[in-house]
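This briefing covers contacts between side chains, with a few words on how exposed the residues are. Please keep the structure in view while reading.

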Amino acid sequence: MKPSDFESARPASLQWLDDGSVAVTWEGGHDSIYKRPYLRSRCPCASCSGTHGPPTTLVNETKPRFNIRAGPKPPPVEVAFKIIGAEPVGQYGLKFTWGDLHDTGIYSYRYLRSICRCDECLQGAAQEPEPAR
């Protein structure tokens, strides 16, 4: 799918699964499931995405890591992956509060839809460039 295919992405329903994942059924009937480590590793905030220099994301989906410059020891990765809050941002997205209190990433519905990892979307993504955050 092309990035323009996600312009009007709107969830029909959102729910928490027992394992803490976020399930979205999109208008049009497409279903997406987002695991917490994947969502955290794809945080679109300026610090995590590298907009203001090299990325400083606390965690990496495949190999947890910490970028420590100074200060107290960071929390365990399990804490950073825990979602302790979620709230809508206007009519266009969600903001999660993570266990380590990181909460500056706004996951627009367009962005969430574009990072879906279902088989159908993964096949289409193999043919498309990386989506913009």
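A charge counts as sitting over a ring if NZ of Lys or CZ of Arg is within 6 Å of the ring centre and within 35 degrees of the ring normal. Arg117 lies over the face of Tyr38, at 4.4 Å from the ring centre. The model is predicted. The points below turn to ring pairs and then to salt bridges.

**Aromatic rings**

- A pair of aromatic rings is described by the distance of the centres and the angle of the planes.
- The count of aromatic pairs comes to four.
- Phe96 and Tyr107 are one of these pairs, with 5.1 Å from centre to centre and 75 degrees between the planes, an edge-to-face arrangement.
- This pair links distant parts of the chain, with Phe96 in strand E5 (residues 93-98) and Tyr107 in strand E6 (residues 106-108), eleven residues apart.
- Phe96 and Tyr107 are buried.
- Tyr107 also pairs with Tyr111: the ring centres are 6.4 Å apart and the planes stand at 40 degrees, so this pair is tilted.
- Tyr111 is buried, as is Tyr107.
- Through ring pairs, Phe96, Trp98, Tyr107 and Tyr111 are linked into a cluster.

**Salt bridges**

- Side chains of opposite charge can pair when their charged atoms come close.
- The whole structure holds three salt bridges.
- Asp19 and Lys35 form a salt bridge through their side chains, at 3.0 Å from N to O.
- The two residues are 16 residues apart: Asp19 is in the loop between strand E1 (11-16) and strand E2 (22-26), and Lys35 is in the loop between strand E3 (31-34) and helix H1 (36-41).
- Asp19 is partly exposed, with a relative accessible area of 37%, and Lys35 is partly exposed at 45%.
- Asp100 forms a salt bridge with Arg40, and their closest N and O atoms are 3.0 Å apart.
- This bridge links distant parts of the chain, from Asp100 in the loop between E5 and E6 to Arg40 in helix H1, 60 residues apart.
- Arg40 has a relative accessible area of 2%; buried means under 20%, so Arg40 counts as buried.
- Asp100 is partly exposed, at 21% relative accessibility.
- Asp103 forms a salt bridge with Lys95, where the closest N and O atoms are 4.0 Å apart.
- Asp103 counts as partly exposed, at 28% relative accessibility.

Definitions and conventions
Residues numbered from 1 in each chain as written. Predicted model: local features only at pLDDT ≥ 70, side-chain atom pairs only at ≥ 80, totals over all residues. Heavy atoms only, no water. Phe/Tyr/Trp six-rings, centres within 6.5 Å; stacked < 30°, edge-to-face > 60°. Helix = DSSP H or I, 4+ residues; strand = E, 2+ residues; numbered from the N terminus. Buried < 20%, exposed > 50% of the residue type's maximum accessible area, 1.4 Å probe, protein only.
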